[in-house]
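Please open the model in a viewer and keep the selection panel at hand.

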Amino acid sequence: MFKIAIIGAGMAGLSAASALTEAGHSVVLFDKSRGSGGRMSTKRTESGDLDMGAQYFTARDHHFRNALQTWIANGWVAEWTPRLFLRNEDKLSEAPDDQQRYVGFPRMTSLSRGLLEGLELVSQTRIDSLEQDSDNRWELKDDNGTVHGPFDRVVVATPAPQAVPLLAAAGHLEQAASQVAMQPGWTLALAFAEPLDTAVEACFVRVGALDWISRNSSKPGRQGLDTWVLQSNPRWAMGNLETDKTEIKRHLLGEFADVLGIDVPQPVFEHAHRWLYARSEGACNWGALAAPEKGLYVCGDWCLGGRLENAWLSGRQAAHTLMGRK
């Protein structure tokens, strides 16, 4: 049985931690944030809980679908069937499909918190470097100079750019991660005193700065005011990385009104968040990466083409590789 450090408590890290803990290993999760979930982020406000990162997820792989049934039974997840629209250059039109969509219940972070039960998390701790001692065990140094460990194995489950400096001891892993480009994104959350006069509950946007709109309050379990989440497309976000948040809010609110084709009143709450690593550019099919001779493993949605499901699968694969399973 190994003592294992996992850096990153998003879906990939939680998946790896769960599999390793179930097999009897001692696991410690580290994350720079206050909690778990990564891009399964929810901002809790008096106006309601607003999903700032992943908006929903799908389930295709049978292993993931089996896990999903457990999460639903536990009350962590519910199906979301929004009235779906598409906004292209010509018009806004309803675009129903047969895709099953799932969300955390009653907020997206409910899933990550459920998965964290029974696991040890060291939060608000940014790991800057990894070093092996004379016994080839790993010591983790954080940005305050504190050393954690030693650990027999390390799993790095962060976005690719954050993984690169942690992988210096395994050149092929460092090189692979350095080749992955991550795209940024802006998210704007809004709350209105009165429900907006529109049938839209979710909308894919193919024009302007926006990429996605959701009526956050239409998701199961959400309570409070009429809340919305807008997400920009990567190209617009790249050109506005350093733009003042006041201008970001003004511009995206204007485009929101244009997409819906209605007069949008002043929101009673608004919050903008910049994601430097919102999604990977292009698709990799590595599953997970490993340097078994070093006791170093890497996972994340960027290892498997994005999506929350793929983050879970990547973490599971990293754990199984560490344990010598297929």
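In this predicted model, select Phe 64, Ala 67, Leu 68 and Trp 71 of helix H2, which are buried. Viewed down the axis of H2, the buried residues fall within an arc of 110 degrees, so they line one face of the helix. In general, residues three or four places apart point the same way, because an α-helix has 3.6 residues a turn.

Next, display the surroundings of that face. The buried residues of H2 pack against helices H1 (11-22), H3 (109-116) and H8 (308-322), as well as strands S5 (77-80) and S8 (101-104). Then turn to the face directed away from the buried side, where His 62, Asn 66 and Ala 73 are exposed.

At the start of H2, a side-chain oxygen of Asp 61 comes to within 2.8 Å of the backbone nitrogen of His 63. Just after the helix, Gly 75 adopts a positive phi of about 80 degrees.

Proceed to the open sheet, in which 7 strands follow the order S7-S6-S15-S16-S17-S14-S18 with mixed pairing. Strands S7 (92-94) and S18 (269-280) stand at the edges with a single partner strand each, so one side of each has no neighbour in the sheet. From one strand to the next, the twist averages 20 degrees.

Within the sheet, select S6 (84-87) and S15 (202-205), a parallel pair with 4 bridges; Leu 84 has Ala 202 in S15 as its bridge partner.

Finally, select helix H7 (245-260), which lies across strands including S6, S15 and S14 and runs at about 75 degrees to S14.

Conventions
Residues numbered from 1 in each chain as written. Predicted model: local features only at pLDDT ≥ 70, side-chain atom pairs only at ≥ 80, totals over all residues. Heavy atoms only, no water. Buried < 20%, exposed > 50% of the residue type's maximum accessible area, 1.4 Å probe, protein only. Helix = DSSP H or I, 4+ residues; strand = E, 2+ residues; numbered from the N terminus. Arc of directions from axis to C-beta. Contact = heavy atoms within 4.5 Å. Polar contact = N/O pair within 3.5 Å; in protein donor to acceptor, adjacent residues only side chain to side chain. Pairing = 2+ DSSP bridges. Axes fitted to C-alpha atoms, helices over the stretch in contact; angles between N-to-C directions.
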